[in-house]
Amino acid sequence: LRAALMKEIRVSRNRRYSVTGSTTGDYSEETSRIVYDAIDRHLKIVPALTKELRDILFSNVDRMFELAEQSPDLLVMTFEIIEMQQEYNQRRNQAIAAKQEEALQNGEPTAEGEIMVYPNVISDVQTRIKQLLDMMVEDEFGNWQRYEEEGESVGLTNQSPANGLRIVGTRLLQRMEECRNIVMLCLPPHYDLLFIFVESLEKRLIPALLMTCGGERLEKMIVSDILDMISWLEYLSSSVENFGFPDRESLKKVASLREELMFEYKERIKKQVHTWFENIRNREKEITQNIKDETLMTSMPEDMFNIIHAQVAVAREKLPLEYVHEVAIACMQVLQDMQRLEMQDLTTKAMSGGMDPETLCAMVNDNENMYEKCKEFSDSVTRILAERETEQKILVDIADEVAYQYSKIATQAVETLGHCIVEVLDEEVYQKLFSVDWEEQTGP
């Protein structure tokens with residue numbers, strides 16, 4: 001406006017001069033200068049006011065999370081003004097481009113310094129928003145990084161690095177949820193706030209996850225941290241997908257890290273359960289009589305499956321459902337290791353007289369009990385895995401194989417028991433008990 005008025009004053013003055021041939025009288029040079037200065041003093045406020053308005057708008061953009069919650073109407077008006085300014089600037093730029101094209105066609109090229117291009121306000125605002133979100137992410141990770149380096153951080157004290165990272169990531173995902181449900185309602189959709197937020201988060205989160213949970217760091221993580229991180233990575237993936245970005249490259253890295261953590265957890269489980277089972281096998285066996293049928297037995301089947309059920313319960317509480325069957329299978333694999341040791345005992349200790357008939361009787365009954373418990377365990381886990389037919393079938397197949405092996409061990413133990421009984425009988429007793437008539441009879 002100021003530039004237009006100044007131009008009009010000069011045109012009016014020149015027109016008057018060309019008509020009268022003089023600058024004297026009402027339109028003298030002095031009069032023009034007085035008018036020019038008077039208008040200039042008033043219109044100098046326009047650039048200052050424009051700058052002040054721009055500063056207010058950008059300040060509101062910087063405070064958009066706060067305003068969206070406390071004064072959403074102010075945030076809406078802020079972006080309405082930005083949109084109007086952008087539309088005006090586009091019209092002016094189009095007019096300038098048209099004028100320049102006309103001048104070129106008329107052979108009157110315009111000097112480059114005379115061309116004024118109005119700024120892309122929306123682009124400036126988008127840059128401002130990106131800086132805001134980058135700073136928000138950086139502040140959270142700055143706290144976590146200081147904790148990593150110095151062992152202390154606001155809100156992250158007494159936390160392991162992995163847990164601290166989960167806390168930081170959760171805070172930012174919550175801010176993204178707030179962004180979607182509150183802030184984005186006040187902005188035109190073309191600003192694509194969530195996309196900018198996701199990119200800012202990925203830039204810091206993915207390297208931090210790989211650094212904290214990969215390689216040598218993974219070996220140092222305690223089991224509870226591994227469990228919590230697996231569950232949190234599932235939460236991270238589902239959150240990003242729910243925000244509308246299911247095909248992000250970062251999700252592949254998260255999935256790969258989750259599998260790596262799950263593999264480590266299963267190996268830890270197998271190692272720990274194997275140790276517990278070995279302790280159960282190696283302790284002094286206390287053979288008791290079953291109250292119902294007075295058969296000989298030990299507490300080994302009950303003790304082993306209490307451990308297995310406890311591991312599955314932890315997995316069910318801490319992990320996504322898709323991983324429960326993997327934990328169950330890991331425990332079944334440890335049982336298979338125990339079966340090999342059990343069979344080895346039969347072929348070495350029993351055959352060499354290292355097992356008495358009472359111990360062999362308990363072994364037969366224990367293995368029959370293990371067979372039943374395998375079936376019960378398979379049924380209980382398949383109920384947990386409702387509507388997951390693939391996982392159910394895999395688990396049932398493995399559990400059936402383990403149960404079948406226990407049945408084979410029980411059969412082998414019965415044969416060994418028979419051999420042991422016959423071997424300890426005197427010849428005279430043996431001949432009386434197992435006569436030719438006894439062998440040929442068909443009755444009991």
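In this predicted model, the second largest cavity is lined by Arg281, Met300, Met304, Met338, Gln339, Glu342, Asn367 and Tyr406, where a cavity is a set of points, on a 1 Å grid over the protein atoms alone, at which a 1.4 Å probe fits but cannot get out, and where lining residues have an atom within 4 Å of a point. Its volume is about 40 Å³, a volume being the space filled by probe spheres set on the points, with grid points joined across faces, edges and corners. Helix 12 (300-318) and helix 13 (324-350) each supply at least two residues of this lining, and helix 13 provides the largest share, three residues; helices are DSSP runs (H or I, at least four residues) numbered from the N terminus. The lining divides into four nonpolar, two polar and two charged residues, with Ala, Val, Leu, Ile, Met, Phe, Trp, Tyr, Cys and Pro counted as nonpolar, Asp, Glu, Lys and Arg as charged, and the others, Gly among them, as polar.

The count comes to four cavities of 30 Å³ or more, and the largest cavity has a volume of about 60 Å³. Helix 8 (193-213), helix 10 (223-242) and helix 11 (249-282) are the elements that give two or more residues to the lining of the largest cavity, and helix 8 gives the most, with five residues. Among the lining residues of the largest cavity are Val198, Glu202, Leu236 and Ser250, and the lining as a whole divides into eight nonpolar, one polar and one charged.

Residues are numbered from 1 along each chain as its sequence is written. Local features need pLDDT of at least 70 and side-chain atom pairs count only at pLDDT 80 or more, whereas totals for chains, interfaces and linings use all residues, and side-chain values use heavy atoms, with hydrogens and water left out.

Terms used
On a 1 Å grid over the protein atoms alone, a cavity is a set of points where a 1.4 Å probe fits but cannot get out, and a pocket is an open set with protein on both sides within 12 Å along at least five of seven lines; lining residues have an atom within 4 Å of a point.
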